[in-house]
Amino acid sequence: MTPADAELAVKSALERAAVYRLLGGAFVHPTPARLEELALAAATAATAATGRLRDKLARFAIAASEADPLATANEHVFLFGRQVRCSPYESAYSGLSPFGDKTARLADVAGFYEAFGVGPAAAQPDMEDHVGAELEFMSALALKEAYALGEGESEAAEITRGAEVLFLTDHLGRWAEAFATQVEAATPLPFYTAAASLLAAWITAEVEALGATPSRVGAPDALDADAAEPFSCPMAPEETKG
């Protein structure tokens with residue numbers, strides 16, 4: 001890889017990390033500061049994107065900048081709170097073989113996090129499969145890939161990219177689009193419809209770009225009321241747990 005190619009690869013990985021991170025933030029509890037941060041992040045990401053993704057990032061940036069914090073917080077509870085109209089947890093979705101039951105799926109997700117030294121913060125120890133956590137994990141992997149590429153550590157970059165492909169294949173790529181479809185159908189609020197539309201388009205693009213092969217699933221037939229607890233913490237380094 002030439003220096004110019006390496007620079008482009010690093011730039012691409014950093015841009016991917018930024019989009020994953022903003023999407024992770026879109027589905028956790030909204031605050032005024034978070035909405036402002038998301039609007040800026042999406043507008044910045046839109047300048048580097050092209051085509052359909054650029055349009056969806058721009059739409060989300062506008063929706064985030066115009067969102068009323070109280071109305072958005074209330075809608076978050078309506079969608080993802082105790083009534084669980086749109087479950088944001090992978091373990092709520094059926095047909096997720098080869099892992100079978102919820103415990104096995106959670107263990108596999110947690111194994112990915114442990115292997116790369118990240119996981120849900122200690123305040124939310126049982127939220128491994130929340131869409132926000134899984135998106136943040138993909139952001140962390142893209143950052144690790146960018147670092148390895150920048151340092152000329154080709155083997156580390158390949159290992160990290162392989163983990164991204166596997167995580168999309170076995171986890172996030174299988175259910176995120178079904179989740180996004182549910183959200184779009186359940187709310188008229190521009191912030192969440194724009195976030196869901198962006199999520200679906202982004203996962204579709206990533207699966208294609210990385211060559212992942214997920215077996216996509218549909219929406220859950222019945223939602224687990226135990227999977228309704230709110231999730232508000234982003235991913236945290238493993239060493240901060242305790």
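This is a predicted model: local features need pLDDT of at least 70, side-chain atom pairs count only at pLDDT 80 or more; totals for chains, interfaces and linings use all residues.
Local features are reported at pLDDT of at least 70 and side-chain atom pairs at pLDDT 80 or more, whereas totals for chains, interfaces and linings use all residues. Residues are numbered from 1 along each chain, and side-chain values use heavy atoms, with hydrogens and water left out.

Helix 5 comprises residues 102-115; helices (H or I, at least four residues) and strands (E, at least two) are DSSP runs numbered from the N terminus. Arg105, Leu106, Val109, Phe112 and Tyr113 are the buried residues of helix 5, where buried means under 20% relative accessible area, exposed over 50% and partly exposed in between (1.4 Å probe, protein chains only). These buried residues fall within an arc of 115 degrees seen down the axis, so they line one face of the helix; the arc is taken from the directions from the helix axis to the C-beta atoms. Thr103, Glu114 and Ala115, on the other side of helix 5, are exposed.

Eight salt bridges are present in the structure, each defined as a side-chain nitrogen of Lys or Arg within 4 Å of a carboxyl oxygen of Asp or Glu. In one of them, glutamate 206 pairs with arginine 16, with the closest N and O atoms 2.8 Å apart. This pair links helix 8 (residues 190-210) to helix 1 (residues 3-26), its members lying 190 residues apart in the chain. Glutamate 206 is buried at 4% relative accessibility, and arginine 16 is buried at 7%.

Notes. The expected span of a helix is 1.5 Å times one less than its number of residues.
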